[in-house]
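Visitor: I'd like to learn how to read one residue and its surroundings. Can you walk me through it?

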Amino acid sequence: MATSSFRQAHAFPVWQPMAALRPAMSASWWQWVASTDSLTARLMAAGGEKPFRVRLLRQGVAMPQPDEAQALGLALRHYAWLREVALCVSDTPWVVARSVAPLTQLQGQHLEQLGERSLGSWLFRQPDLIRGPLEATACAPRFAYPTDAESLWGRRSVFQHAGLSLLVQEYFLSSMADDLRLPSR
């Protein structure tokens, strides 16, 4: 059951190529974590008739984490655009996500206007979209999110579109595993 209290994670994720975590991941989770299609579409399909909602947690200009800056090729201590959301099915967060983009590349992208719309619904409509390699982690997110659920797996990749580099990090929660009857790992 989700609550409105925020949980702060303190572990620093160790990002690895997907293949490195394959032996530790069940086949059920591999299908979710290693998929390269729209996570929004997959969550909506898995939820069936249950309503899907994006809950905007935070959006604005802030300092990215050092590993995020490195993934985007940004110099340390430079500000970036950040967006944190919970992807919810029946108001229960199944996934929490954090997106980071260089401020210098946001011109004309209108990402700040997404509000509670899915970033994936915008991304996967871009005809020139290129997705970089997926990386995965078994560590918890380093940002606050509204749930009692634990993070089971995280993944990230950099998307390229019209001169924009966008790091998208998604963390799959135990509430999703419970609702879909997935194994704990």
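Guide: Buried means under 20% relative accessible area, exposed means over 50%, and partly exposed is in between, with a 1.4 Å probe and protein chains only. Arg 98 comes out at 6% relative accessibility, so it counts as buried. Keep in mind that this is a predicted model, where local features need pLDDT of at least 70, side-chain atom pairs count only at pLDDT 80 or more, and totals for chains, interfaces and linings use all residues. Residues are numbered from 1 along each chain as its sequence is written, and side-chain values use heavy atoms, leaving out hydrogens and water.

Visitor: Which side chain makes a polar contact with Arg 98?

Guide: A polar contact is a pair of N or O atoms within 3.5 Å; within protein, one must be able to donate a hydrogen and the other to accept it, and residues adjacent in sequence count only if both atoms are side-chain atoms. Here the partner is Glu 68, with the two side chains joined at 2.6 Å.

Visitor: Where does Arg 98 sit?

Guide: Strands (E, at least two residues) are DSSP runs, numbered from the N terminus. Arg 98 belongs to strand E4, residues 92–102. 11 of the 11 residues of E4 are buried, so this strand is largely enclosed by the rest of the structure.

Visitor: And which strands pair with E4?

Guide: Two strands pair if DSSP finds at least two bridges between them. E3 (residues 80–89) runs antiparallel to E4 over 10 bridges, and E8 (residues 164–173) pairs with E4 in the antiparallel sense over six bridges. Ser 99 of E4 stands opposite Arg 83 and also opposite Val 168 in E8.

Technical notes: Helix = DSSP H or I, 4+ residues; strand = E, 2+ residues; numbered from the N terminus.
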